[in-house]
Amino acid sequence: MSRPPAEATLCLVVHALYRLASPCPVRVLELWFPAGTTLPEALSRLPFIRVAGGDVRLVPSPDLFCWLQAHPLAHLEDTGILRMGTVARALVQSARGRAYAAISLLSEYGLRRFSEAHWEEGIFVLRLCLMEMLDMDLSGADTEQLRTWNIISLSLMEAFLASPCRPLRPTLRLHARLHANASRMGDIRTGIVADVMLGLWFAMRCTCKKRYDALARALAAAEALGDSDMQALLVASRVIYHATRGDLNNCMHQHRRMQAAPGRIGNLYISVCASVVAAAASVLTGNIHEGLAGLERRLKKARQDNDRLGEMWLCTQLGNLLCSAGRPGDALRYLDRVLSCSSAFFMPMLHSFLFRVLAYYHYSRGAIGASYQCFRQTAFFQDALVARRSYYGYPWLLELLWEYRRAGLEDVPGYALMQVIARLWEGNNMHLQGAARRFEALLLEGEPGQGDRVLALLQESLARLEKVENQRELALTRRELARILTSAGRKEEALCYRKAADLFFASPSCSQHGLSCTALQSRMEEQARNVLEACEVGNDKKEYFSFFLQGLQQVLQCERSALFRILPHGGLQVLADNNLEASRSAAFTGGLLLMLENMEKLGRSFFVQGKSFVCLPSFRGERYLAYADNLYLESVLPQLGDHGLERLCWMFMTHFALAMSTPCLEQVQARPEPAAAAEGPGGSARLYWENIPAPVRDIANRVAHTDVPVLLLGETGVGKEVLARYLHRHSGRRGKFVAIQPSSMTESLFESTLFGHEKGSFTGAVQQKIGLIEVAHEGTLFIDEVGDIPLSMQVKLLRVLQEKNFTRVGGIREQHSDFRIIGATHRNLWQMVQDGQFREDLYYRLAVIPINIPPLRGNAPLITDLAQKFALHYAQQHHVAFRGLDEETIGRLCAHTWPGNIRELKNFVERMVILSRDGIPGIGPREYPEGRSKVTEGLMDDLPSMETLKERYIRHVLQLTHNRICGPDGAESILKMKRSTLYAVLHRYGIGRR
């Protein structure tokens with residue numbers, strides 16, 4: 001049924017609103033379904049639609065249901081829908097019964113728009129996807145469909161962690177159905193991941209202790225699985241868990257583990273959330289440099305991934321840290337970027353946090369009035385949130401409320417100081433509770449008869465803050481205790497507290513730890529020992545360099561670092577860098593070379609200049625240069641003196657030399673393959689390669705050292721795998737050569753073998769299995785007979801070839817594998833593409849360099865050379881006295897067509913050598929392969945039609961029988977045809993009888 005475009009648009013809008021079950025902005029609907037006329041005017045004519053304040057909502061009524069039945073989406077024309085866009089196509093796909101295609105379209109589009117900062121549209125697309133998924137009937141779904149539904153569900157739950165679109169009841173329904181599907185599939189891990197996601201969802205939204213306990217149980221269940229993919233999610237989740245509980249040291253410890261973990265955690269924002277809360281923990285414990293370094297590193301990654309939402313969160317947190325570090329000018333640069341780029345209405349959580357940080361910024365500059373106005377904006381954004389609970393992450397929020405109260409300003413709605421204190425005490429956050437007790441004491445101070453109560457509250461604050469080692473809040477509480485004790489006449493006790501507090505605020509460099517310079521030096525040496533003991537020496541130099549730089553930054557309290565090799569001609573080669581993009585610029589390296597020259601003049605192995613530090617580790621005659629500096633904060637290094645710096649430098653250089661001398665790091669070159677593997681089956685690789693046609697050998701030599709995909713074409717047995725191994729050995733890749741044959745396994749087994757699976761991902765998955773793609777990291781993946789790959793797997797393989805990223809079956813974390821792909825087939829792939837049996841895009845991806853290997857058939861010189869060399873090789877291998885091949889034997893071998901090509905020739909020659917007697921071939925004349933007469937040459941070489949082949953065969957039979965038709969040796973007997981029929985066929989083909 002055809003409809004005008006305007007009517008089709010109205011049909012799509014009404015169905016979309018009906019599925020959303022909530023109001024939707026007009027501007028979002030206009031993005032989804034562009035119309036020629038003004039959409040609100042067209043919608044207002046429908047009696048069951050209300051347009052008010054820029055929002056459109058449905059009013060349930062009999063007219064609505066009658067209209068929906070009279071305007072089904074399934075009847076819309078496909079051509080118009082394609083012009084409408086992704087959401088329209090998804091709605092029509094759902095109406096036509098293709099629900100899985102619909103939710104795949106919606107989830108992919110919504111997550112992409114959301115991550116690209118089109119939050120307004122992305123939020124409603126994700127909600128529409130959520131409602132579609134809840135309406136789906138999964139009773140008849142197969143395993144692959146259930147797995148698709150589960151993966152999309154986990155992606156939505158993770159997206160809702162960072163979005164203001166937080167529908168509680170639909171999310172709980174989604175979680176329940178996810179658990180049911182996982183149980184039905186025997187997928188234990190998906191259920192556990194769903195529990196962790198839901199636990200994080202509640203931990204970041206409310207302060208209920210039961211929710212924290214539920215998250216703790218989910219994390220314990222995830223720990224029991226024990227696989228590496230789950231561990232990556234666990235580490236990031238524990239960062240958030242410990243941060244929301246106020247356990248700052250454990251939060252930072254888990255964040256360091258997360259930074260060392262390879263790969264991405266999930267698809268969206270769990271790792272970003274973990275970095276944000278860990279940076280807050282670093283501020284509260286006095287390790288501001290570590291928080292700045294972590295956020296700068298994560299911000300760089302977010303920009304590379306075009307993750308705009310993550311970038312906005314990280315910029316806001318960077319502004320918070322810089323305000324805490326006394327650098328409000330640098331902080332404002334990041335905060336202005338967020339103000340200019342984000343949408344206030346559709347990102348209330350982000351803007352609520354942003355305006356709190358802006359209030360703190362103005363407070364740190366002494367502008368209480370401007371701070372108060374910014375904080376009132378927080379209340380406005382808080383009202384837009386679905387969960388009406390305020391989130392209190394920083395003790396300075398209490399400082400702001402206290403100063404507003406002292407200035408005589410009225411309470412901000414939802415943020416009355418006593419209300420906030422009571423809310424914090426109901427929660428589970430120890431360091432916030434410690435700060436809340438101090439401000440409760442300040443509120444009670446001056447009231448008659450409350451002196452003992454005030455002192456008890458300050459003592460309780462001190463005890464809680466000492467547990468979490470919140471240095472700044474500890475100093476503030478000690479200062480208040482000293483003041484109260486002085487007024488009570490207990491001056492000696494007050495003096496102890498005052499000294500401890502003043503020590504923290506005395507020096508901008510040493511105050512972070514509340515230590516004197518001598519004590520700071522001792523503590524830094526102890527920290528260096530702990531860091532270097534934990535610095536793992538694996539099989540990869542790059543990984544060790546990263547650990548080394550992280551440890552250097554942590555001990556020296558620096559924000560950026562880089563490691564260079566000093567080249568013989570005096571230049572610098574960058575080996576690794578951490579937040580130091582300028583390390584590759586000529587100006588930067590030129591400055592380092594000047595510092596190096598000054599070091600050599602002074603005869604030192606270290607050098608400090610301003611905020612920069614350089615040391616010179618060395619190993620076996622090669623010199624290296626380690627560099628670290630601060631971009632924002634003042635350096636603590638000048639306070640240590642030459643002796644302290646020399647000791648720290650010696651500790652790091654000694655560890656570097658010992659680590660570089662371990663065998664796993666010394667073996668930079670790839671280990672050679674075993675001889676059997678290098679030579680191929682039967683040791684025939686070298687023999688074959690010496691006789692391969694020159695054009696093939698030339699192409700192979702030219703592409704071997706590159707990483708481009710190669711497609712080897714040729715008949716069975718021509719040596720495709722041998723050539724693939726040659727390409728691998730000469731590619732310079734240090735990984736393994738991994739071969740897989742799709743035809744030897746089922747589709748589900750092929751996916752598990754190729755990508756691997758996680759423990760508990762399906763029934764029988766009792767442990768984690770590493771896939772062949774992961775095994776082929778930095779090596780070569782050889783797929784024999786690529787034409788046998790199932791169509792459903794071709795889509796997944798194409799994505800892996802494009803991005804080199806994949807996810808194990810049942811996994812949640814993307815893995816990366818730097819492999820080279822080589823495919824081989826004896827089939828006509830292009831014809832399979834034309835017949836719809838092979839994807840065209842995958843064909844072009846594989847056939848970047850096609851190499852056609854010719855068969856043995858008709859190549860007498862190659863057959864002769866290979867046969868002679870095979871005979872000599874097997875005679876030596878089996879200790880047989882063999883005289884060689886005579887002319888008659890060579891002639892018989894050359895006359896054979898060798899349909900099995902080199903493999904058949906090799907096996908035949910080996911059998912002939914083993915059965916030989918007194919050096920004479922041990923095969924009789926009848927055991928030789930049938931030769932091919934000159935008459936049969938070219939019979940099928942040009943791939944003739946069946947009719948042409950029939951004519952050629954009849955002519956061939958007549959030639960063999962010397963044109964005899966009748967009799968036992970005649971053509972009618974050989975062809976099993978009646979004489980009259982044979983004569984008719986001869987007449988049709990124009991074949992005359994002699």
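Modeller: Please begin with one term: contact means heavy atoms within 4.5 Å. The model itself is predicted.

Colleague: Which residues of α22 and α23 meet by that criterion?

Modeller: On the α22 side they are Leu-417, Met-418, Ile-421, Leu-424 and Trp-425. On the α23 side they are Leu-432, Gln-433, Ala-436, Arg-437, Phe-439, Glu-440 and Leu-443. By class, this contact of α22 with α23 holds nine nonpolar residues, one polar and two charged. Because Glu and Arg count as charged, Arg-437 and Glu-440 of α23 are the charged residues of the contact.

Colleague: How are these two helices arranged, and what is the hand of their crossing?

Modeller: Helix α22 (residues 417–426) and helix α23 (residues 430–444) pack at an angle of about 145°, and their axes lie 9 Å apart. The crossing of α22 and α23 is left-handed.

Colleague: Why is helix α6 described as largely enclosed by the rest of the structure?

Modeller: Buried means under 20% relative accessible area. Seven of the 10 residues of α6 (residues 86–95) are buried, and the helix is therefore largely enclosed by the rest of the structure. The buried residues are Thr-86, Val-87, Ala-88, Ala-90, Leu-91, Val-92 and Ser-94. Just after α6, Gly-97 has a positive phi of about 90°.

Colleague: What makes a set of residues a nonpolar core, and which members of the largest one touch the most others?

Modeller: Members must be buried residues of the nonpolar kinds listed for a core, such as Trp and Phe, joined through side-chain atoms within 4.5 Å. The largest core has 157 residues, among which Trp-32 and Phe-33 touch the most other members. Helix α15 (residues 270–284) supplies the largest share of this core, 12 residues. A second, separate core of 33 residues includes Val-531, Phe-613, Tyr-624 and Val-636.

Colleague: Why are β11 and β18 placed at the edges of their sheet?

Modeller: The sheet is open, with five strands in the order β11-β14-β17-β10-β18 and parallel pairing. Strands β11 (737–740) and β18 (849–852) each have a single partner strand, so one side of each is left without a neighbour in the sheet. Neighbouring strands are turned by 20° against each other on average, direction ignored.

Definitions and conventions. Residues numbered from 1 in each chain as written. Predicted model: local features only at pLDDT ≥ 70, side-chain atom pairs only at ≥ 80, totals over all residues. Heavy atoms only, no water. Buried < 20%, exposed > 50% of the residue type's maximum accessible area, 1.4 Å probe, protein only. Helix = DSSP H or I, 4+ residues; strand = E, 2+ residues; numbered from the N terminus. Axes fitted to C-alpha atoms, helices over the stretch in contact; angles between N-to-C directions. Left-handed = near helix turned anticlockwise from the far one by under 90°. Pairing = 2+ DSSP bridges.
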